[in-house]
Amino acid sequence: MLVRDVLMLSAENIAREDLAAELAALAAADGEEAVSPSDGVLSLLRCYRLVESEVALDYCPLEKTDRVFPLAGRIQYTTLTETPVNILDVADEGGRRLNFTVYASYLSVPDADGAVNVTYSYAPPQAELTDDVAFPARISARLLSMGVCAEFLLTCGRYAEAEVWEGKFREGLRAAGVFRRKLCAIRSRRWV
């Protein structure tokens, strides 16, 4: 599934046939001479990037494992293939978990001897129209399009419609099993 497909579905959902037709034309012209998208399509793409980032950072983290060689017990984040958001695990080649400390620009692994496997979550890179969607199948095009609709309508000042699409998006996240529960306040204790 391509980002362009999600945007086409979003444009159809909010009755913007002009944007859906333009996205279809861009899909047909794929590989031919470059046609620059209109401001409306670029606005939809910006909204997609916001939704993609929110889903990746708050609901369905994208995880990756890289094999790296620490230098003097340090692993610079620039040596990883993606920019890490959260370091989840560090293990040696045998699978033994290693102690690590997270710093601003590097990861300290004092017990590392040789190559280590670093598992981390990351934010998706800036998506373009022809990129694949970064999420697994449970985060469907329909679900992402609901979030894009909410963001797009919000930027257009159509607040009531945006609220409806936002509710559908949150309900879709809940149905996909990735929605986090709300924190509830606990009454303070009183000592008598």
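**A walk through our predicted model**

Hi everyone! Along the principal axes, its C-alpha trace spans about 70 × 60 × 25 Å.

Now, what is the chain built from? There are five helices and six strands. If you read along the sequence, the pattern goes α-α-α-β-β-β-β-β-β-α-α. Among contacts between residues at least 6 apart in sequence, 72% join residues at least 24 apart.

Let's go inside. Of the 192 residues, 40% count as buried. In soluble globular proteins, nonpolar side chains tend to be buried together. Here, the largest nonpolar core has 54 residues, and the members that touch the most others are Leu7, Tyr48, Val55, Val118, Phe135 and Leu144. Elements that each give this core at least two residues include the helices α1 (3-13), α3 (39-59) and α4 (141-155), along with the strands β1 (62-68), β3 (84-92) and β6 (116-122).

Which residues does tyrosine 48 contact, leaving aside neighbours within four places in sequence? They are Val3, Val6, Leu7, Ala127, Val133, Leu144 and Val148. Have a look for them in the structure above!

Last stop, the surface and the charges. The protein exposes about 11,800 Å², and 51% of that comes from carbon and sulfur atoms. As for charged side chains, 21 are positive and 28 are negative, and the centres of these two sets are 13 Å apart.

Key
Residues are numbered from 1 along each chain as its sequence is written. This is a predicted model: local features need pLDDT of at least 70, side-chain atom pairs count only at pLDDT 80 or more; totals for chains, interfaces and linings use all residues. Side-chain values use heavy atoms; hydrogens and water are left out. Helices (H or I, at least four residues) and strands (E, at least two) are DSSP runs, numbered from the N terminus. Buried means under 20% relative accessible area, exposed over 50%, partly exposed in between (1.4 Å probe, protein chains only). Contact means heavy atoms within 4.5 Å. Accessible areas come from the Shrake-Rupley method with a 1.4 Å probe; for residues, only the protein chains shown count as cover. Lys and Arg count as positive and Asp and Glu as negative; His and the chain ends are not counted. The place of a charge is taken as NZ of Lys, CZ of Arg, CG of Asp or CD of Glu. A nonpolar core is a set of buried Ala, Val, Leu, Ile, Met, Phe, Trp, Tyr and Cys residues joined through side-chain atoms within 4.5 Å.
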